Amino acid sequence: MTIELTVDETAQVRLWHRVSQFLFREARLLDEWRLLEWYDEMLTDDIRYSVPATDVRGETAGALGLIDDDAARLRQRIEQLLNGEVWCENPRSRTNRMISNVEILTDRGTHLDVAANVIVYRFGHGRSDAYVGKCRFELVVEGESFRVRRRVVVLDHETLYEHGKLSIIL
Amino acid sequence: MTIELQRPVGDLIVVDDLERLSFRVDRRAYTDDDLAAQEMTRIFDRCWLYVGHESEVPGPGSYVARDVGGRPVVMARGSDGVIRVFANSCTHRGALICSQPAGQTRSFRCPYHDWTFSNQGELVGVPIPDGYGPGFRKADFGLAQHRSDSYRGFVFATFDPEQPRTLTEYLAGATEYLDLIDDQSEVGMEVIQGAQLHGARANWKLMMENSVDIYHFRALHKRYVSYMESLGSVPPRRRGGFGRALGLGHGANELPPAAARPLAYWTPMFGAEVRPRIEATAAKFVDRFGAERAERITGTNRALLIFPNLMIIDAIAITIRKIDPIGADQMAITSVALAPKDEDPDIRELRKSHYLTFLGPAGFATPDDIEIIESCQRGYLNRTVRYSDLSRGMNKEVPETTDELPAREFWRQWDRLMRGDDGHLEVAHRAEMQGAEPR
């Protein structure tokens, strides 16, 4: 039996596939510590990467978060991670990102709002931690691919008492 | 109050030798489960402990629920406007009467049997009251209220009804530094929403020591320093400043700013646009306080340790860091930012941004602090090395910030309380005090 898709549905499946592939590639580059490639090839120049606080979870305007990087600070974060200056990521931790529940929330032609769930396992310095969160991406369409313009990871943890720190890029 | 010594006489944890200028701490202080349990009764059950800031309960009926000294409490502003600290436990059978971390309410209702308490602590509702005899009086079942008080907006409570000191007496020389912080706004300071709730797998005292240790800064925080320099900050190489013992375990470092201060100390890293505003604020402080005190308020960094478990770090942003032990080898850290209520929105954004650059579980500095104290904790597993050394600056009349005087002040009070002494200043240690005696 074959399933006939309408033209619209075919386009949606293709788009969803491309977005998913894009996010999987992002996860792979981050897991492989190919951070400069990720920064150069997958992000816009005006990227903003945020992780809200675990208590107010980004719902409160003006609140302090855990991370709120513009392009310059994110670039700095990456350079520090790569050159061994980040004491707690030297030797580098091993990570494994699981991306799921990828959903295109809005398609504005040139921009997409995408939701996904993520679990990042981190192993290093005798510890193992899992970061569980919900991602929101604003993707800018660039030909057949995309660039990330806004990247928010809302952690589901009530606290990071167990983790202590967040020294990797989620 | 005397507490029986459980360690044999002569089995010292803190070895304080003023003659040899040597100060050592037996590493059992960081690893021993019995000592950790004793700390709860000898220190956390007795001292004044930081609960929160008045701005967190801004109006009648507002409250926050959190753990203080290992006990769940509610800090609530009653409908009468008074801030009280209650045990968060129903007087009937013990359930938490408040399970929301923060909110606004006229009353707290225990979900177990619907006992209801006003936001001033009185028991106001008991379902099916005919189950009690004539001797039952609601007045006997109000929420347990802890002795609490505030100083310049900082609310503290003590679980010891016999605590001999008022809060102001307890704070001793630390009041001077709380003044320097609260004086930063005429309309008051406020906690910015969004708490950084993290921790470390290390003894809580390691974070206290780390927070007043400037010696490690250039070694451990190279990446932060180089980033700030790349932004155009004045490199924090300028020496100067000093450490102080403030009495009763409190200590402080005071030093020239390493970078900039959002209130009123501009450097190029803040950008030209905000310069006039920041400089105008600086001028206002000179009018209000005179040049010398204005410089101290606006142009000086400080790290204040309030015994036992509060740090207030006033540098490129102000952080209030409450550190709670979880057994001997783990801690919870609660960090929030404090800022003037009337802060210019652009400058508030700068403050938050720079706070995040340095501080918190994902900043460019704090994660390395967490990792290094966890590393110390792992190092202690090798019990062959018995002592840690905190002697720096004992050879100086005015210890520098790269010395360890505030940490020694902390440990001396820790030692007095753990030995069952009620914490009066000992004459022998006044040599290391700089005029800050309890009033």
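Domain bounds, as used in this report, come from an automatic or database domain assignment. On that basis, chain B of this predicted model is divided into domain 1, residues 49-158, and domain 2, residues 175-432.

**The two domains of chain B**

Taken over C-alpha atoms, the centres of domain 1 and domain 2 of chain B are separated by 32 Å. The contact between them takes 10 residues from domain 1 of chain B and 15 residues from domain 2 of chain B. On the side of domain 1 that touches domain 2, strand β3 of chain B (residues 48-53) gives the most, with three residues. By class, the residues on this side of domain 1 are four nonpolar, three polar and three charged.

**Sheets in chain B**

Strand β3 of chain B also belongs to an open sheet of seven strands, whose order is β3-β12-β11-β6-β5-β4-β7 and whose pairing is antiparallel. Which strands stand at the edges of this sheet? They are β3 and β7 (102-104) of chain B; each has a single partner strand, so one side of each is left without a neighbour in the sheet. The partner β12 of chain B (residues 154-158) pairs with β3(B) in the antiparallel sense over five bridges. Within this part of the sheet, B:Leu49 stands opposite B:Ala157 in β12(B).

Strand β9 of chain B (residues 116-118) pairs with β8(B) in the antiparallel sense over three bridges, and B:Phe117 in β9(B) is the bridge partner of B:Phe108.

**Two helix pairs**

Two packed helices are described by the angle between their axes and the distance between the axes. The table gives these values for one pair in each chain.

| Helix pair | Axes come within | Crossing angle |
|---|---|---|
| α1 (7-31) and α2 (35-42) of chain A | 7 Å | roughly 150° |
| α5 (204-211) and α11 (366-379) of chain B | 10 Å | roughly 130° |

In chain A, the axes of α1(A) and α2(A) cross at roughly 150°. Angles over 145 degrees count as roughly antiparallel, so α1(A) is roughly antiparallel to α2(A). The contact is made by A:Glu26, A:Leu29 and A:Leu30 of α1(A) together with A:Glu37, A:Trp38 and A:Met42 of α2(A). These residues divide into four nonpolar, no polar and two charged.

In chain B, the crossing at roughly 130° makes α5(B) oblique to α11(B). This crossing is right-handed. Helix α5(B) contributes B:Leu206, B:Met207 and B:Asn210 to the contact, while α11(B) contributes B:Asp369, B:Ile373, B:Cys376 and B:Gln377. Four of the residues in this contact are nonpolar, two are polar and one is charged.

**Where the chains meet**

How many residues does each chain give to the contact between chain A and chain B? Chain A gives 30 residues and chain B gives 31 residues. On the side of chain A that touches chain B, the elements giving two or more residues are β2 (67-69) and α3 (71-82) of chain A. The largest share, three residues, comes from α3(A). This side of chain A divides into 13 nonpolar, 11 polar and six charged residues.

Definitions and conventions: Residues are numbered from 1 along each chain as its sequence is written. Chains are lettered from A and ligands numbered from 1 in the order in which they are written. This is a predicted model: local features need pLDDT of at least 70, side-chain atom pairs count only at pLDDT 80 or more; totals for chains, interfaces and linings use all residues. Two residues are in contact if their C-beta atoms, placed from the backbone, lie within 7 Å. Helices (H or I, at least four residues) and strands (E, at least two) are DSSP runs, numbered from the N terminus. Ala, Val, Leu, Ile, Met, Phe, Trp, Tyr, Cys and Pro count as nonpolar, Asp, Glu, Lys and Arg as charged, and the others, Gly among them, as polar. Two strands pair if DSSP finds at least two bridges between them. Axes are lines fitted to C-alpha atoms, for helices over the stretch in contact, and angles run from 0 to 180 degrees between N-to-C directions. Angles under 35 degrees count as roughly parallel, over 145 as roughly antiparallel, 65 to 115 as roughly perpendicular and the rest as oblique. A crossing is left-handed if the near helix is turned anticlockwise from the far one by less than a right angle, and right-handed if clockwise.
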